[in-house]
Amino acid sequence: MGKEKELNIKLKVWRQRGPQEKGNFESYTLEGISTESSFLEMLDVLNEQLVKEKKEPVVFDHDCREGICGMCSLYINGHPHGKDTEVTTCQLHMRRFNDGDEITIEPWRSAAFPVIRDLMVDRGAFDKIMQAGGYTSVNTGGIPDANAIPIPKPVADEAMDAASCIGCGACVAACKNGSAMLFVSAKVSQLALLPQGKVEAAKRVKAMIAKMDELGFGNCTNTRACEAECPKGVSISNIARLNREYIKAKLKD
Ligand code: SF4
Ligand code: FES
């Protein structure tokens, strides 16, 4: 473990008073930030400083601060969740930065995720896609019944990997087309791979893709930016599965 140090940093933060307002970057200087603090704790220090100066604190989303909820949607120095791989903003630590660094912080930029205020965006579009079919409505029985259905380990592992998607939206923010295919493919795969999810698989994939298109997300052109920036390492092999599931469902029609 490295020794705790203190950093003096400059921040360029996107400030926007509301969805219809024009935003702009504002610069701030922070002194004595511990390398042991997390990125969000550093923003807490900024907000305490702004409140003391009787200025409006910066609005940003967060909840679990443990890499689970997917709320901490910040674009840091040109990367969703910063440039480290498989790390959420809340798990990013200030030891990854150097004394004197200037850090640029922006909200997700995607037509489907409008800015609410400052760094907070509305990711309700993901909820609408989930409401369109990201669930099972058949009776899967109690725990002993579920255990009675043998599922090969590699299949269970693939389903679990897909289920690790936390719905953060980094894949959309990273994609030049604003595509939600990685998210949708993870949500379709986690169910389509398992017997309980197969019952409604055809209906689900059609409904979720239709909703994704309706909400204005772009198409996938295989740039793999989504996979590179996903904090949970969700693989684009899920997108191939999504396409297969969709073709199968359409052929059934
Ligand atoms: S696929 Fe990855 S980047 Fe996209 S929403 Fe899920 S966890 Fe976030
Ligand atoms: S605050 Fe929950 S994943 Fe970052």
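This is a predicted model: local features need pLDDT of at least 70, side-chain atom pairs count only at pLDDT 80 or more; totals for chains, interfaces and linings use all residues.
**Entry 1: overall look**

The protein chain has 10 helices and 7 strands. I boxed the C-alpha atoms along the principal axes and got roughly 60 × 45 × 35 Å. Of the 253 residues in the chain, 46% are buried.

**Entry 2: aromatic pairs**

I searched the whole structure for aromatic pairs and got 7. One of them is phenylalanine 113 with phenylalanine 217, an edge-to-face pair with 5.9 Å between centres and 75° between the planes. Its partners come from distant parts of the chain, 104 residues apart. Phenylalanine 113 is in the loop between β5 (102-106) and β6 (115-117), while phenylalanine 217 is in the loop between α8 (201-214) and α9 (225-229). I checked burial too, and both phenylalanine 113 and phenylalanine 217 are buried.

Next I looked at phenylalanine 126 and phenylalanine 183. Are these two rings stacked or edge-to-face? They are stacked, 3.6 Å centre to centre with 5° between the planes. Phenylalanine 126 belongs to helix α2 (residues 124-133) and phenylalanine 183 to helix α6, so this pair ties together parts 57 residues apart in sequence. Phenylalanine 126 has 4% relative accessibility, so I count it as buried. Phenylalanine 183 has 3%, so it goes down as buried as well.

I also noted that Phe113, Phe126, Phe183 and Phe217 form one aromatic cluster.

**Entry 3: charges over rings**

I looked for charged side chains sitting over rings. The charged end of arginine 109 is over the ring of tryptophan 14, 4.2 Å from its centre. Lysine 12 lies over the face of phenylalanine 25, with 5.0 Å to the ring centre.

**Entry 4: helix α1**

I checked the length of α1 (residues 39-52) first. At 1.5 Å a residue its 14 residues should span 20 Å, and the end C-alpha atoms are 20 Å apart, so the two agree.

Which residues of α1 are buried? I have Phe39, Leu40, Met42, Leu43, Leu46, Asn47 and Leu50.

**Entry 5: helix α8**

I ran the same checks on α8. Its 14 residues should span 20 Å at 1.5 Å a residue, and the end C-alpha atoms are 20 Å apart, so this one agrees too. The buried residues here are Ala201, Ala202, Arg204, Val205, Met208, Ile209 and Met212. Their arc around the axis is only 165°, which puts them on the same side of α8. On the other side of α8 I found Lys203 and Glu214 exposed.

I also looked up lysine 206, which is in helix α8. Is lysine 206 buried, exposed or partly exposed? Its relative accessible area is 24%, so it counts as partly exposed, given that buried means under 20% and exposed over 50%. I took one distance from this residue: the C-alpha atoms of lysine 206 and alanine 159 are separated by 19 Å, with the two residues 47 apart along the chain.

**Entry 6: positive phi**

My last check was on backbone phi. Most residues other than glycine have a negative phi. Where is aspartate 118 found? It is in the loop between β6 and β7 (120-121). Aspartate 118 is not a glycine, but its phi is positive, about 45°. With a relative accessible area of 2%, aspartate 118 is buried.

Asparagine 222 also has a positive phi, near 55°. I placed this asparagine in the loop between α8 and α9. Is asparagine 222 buried or exposed? At 56% relative accessibility, asparagine 222 counts as exposed.

Technical notes. Residues are numbered from 1 along each chain as its sequence is written. Chains are lettered from A and ligands numbered from 1 in the order in which they are written. Side-chain values use heavy atoms; hydrogens and water are left out. Rings of Phe, Tyr and Trp (its six-membered ring) pair if their centres lie within 6.5 Å; planes under 30 degrees apart count as stacked, over 60 as edge-to-face and the rest as tilted. Helices (H or I, at least four residues) and strands (E, at least two) are DSSP runs, numbered from the N terminus. Buried means under 20% relative accessible area, exposed over 50%, partly exposed in between (1.4 Å probe, protein chains only). A charge sits over a ring if NZ of Lys or CZ of Arg is within 6 Å of the ring centre and within 35 degrees of the ring normal. The expected span of a helix is 1.5 Å times one less than its number of residues. The arc is that of the directions from the helix axis to the C-beta atoms.
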